[in-house]
Amino acid sequence: MRKQHYQEERVLENMALLFGAGLVIFILWPVIKSSLLFQKNKDKPVQGLDQVVSADKLNTSLVLYFYSPNCGPCRKMTPRIDKLLDEGASIEKINVIDHKDFAVKMGVVGLPFMALVDGGMLKRTILGPTSERRVRGLLAHSRDRTQAA
């Protein structure tokens with residue numbers, strides 16, 4: 001009987017913890033949503049883009065892919081990016097070891113990092129490894145913006 005009572009107390013404690021965690025997330029969601037990971041970076045100008053991208057791509061819509069050869073998640077994601085490049089996607093690969101200053105200006109805080117740039121303005125970012133489907137979605141968003149102009 002005593003063991004059953006102890007188990008019931010543990011279940012109630014765990015439920016209270018889960019409820020408390022849910023309540024904290026509910027209250028803090030506006031702060032979490034506006035954090036760097038979810039930020040859309042509306043029309044932020046990109047400084048130094050001309051140092052890493054050819055002049056003919058400066059006023060177009062393209063995705064910047066920041067990576068490092070020493071980064072494990074980057075090594076898994078880079079073949080997906082290479083496949084999209086072979087298909088003609090407008091992606092520019094940027095090695096952060098070679099372009100540290102530009103990566104800092106872009107606000108790269110982790111790798112891999114992707115940024116949608118349209119006409120020299122930062123539109124969206126993705127931090128961390130992502131699926132090929134999500135990258136294609138970012139590219140589709142890039143093409144839609146280009147065709148609308």
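Student: Leaving aside its neighbours within four places in sequence, which residues is Thr 130 in contact with?

Tutor: With contact meaning heavy atoms within 4.5 Å, Thr 130 is in contact with Met 77, Arg 80, Met 114 and Val 135. This is a predicted model, in which local features need pLDDT of at least 70 and side-chain atom pairs count only at pLDDT 80 or more, whereas totals for chains, interfaces and linings use all residues. Residues are numbered from 1 along each chain as its sequence is written, and side-chain values use heavy atoms, with hydrogens and water left out.

Student: Why is Thr 130 called buried?

Tutor: Buried means under 20% relative accessible area, exposed means over 50%, and partly exposed is in between, with a 1.4 Å probe and protein chains only. Thr 130 has 7% relative accessibility, so the residue counts as buried. Its place in the chain is the loop between strand S5 (121-127) and helix H4 (132-148), where helices (H or I, at least four residues) and strands (E, at least two) are DSSP runs numbered from the N terminus.

Student: How do Glu 92 and Lys 57 count, buried or partly exposed?

Tutor: Glu 92 counts as buried because its relative accessibility is 17%, whereas Lys 57, at 31%, counts as partly exposed.

Student: Which residues are linked in a network of salt bridges?

Tutor: The network links Lys 83, Glu 87, Glu 132 and Arg 136. Glu 132 forms a salt bridge with Lys 83, the closest N and O atoms being 3.4 Å apart; Glu 132 is in helix H4 and Lys 83 in helix H2 (residues 72-86), 49 residues apart. Glu 87 forms a salt bridge with Arg 136, with the closest N and O atoms 3.0 Å apart.

Student: Why is Glu 87 called partly exposed?

Tutor: Glu 87 counts as partly exposed because its relative accessibility is 48%, and Arg 136 is likewise partly exposed, with a relative accessible area of 32%.

Methods
A salt bridge is a side-chain nitrogen of Lys or Arg within 4 Å of a carboxyl oxygen of Asp or Glu.
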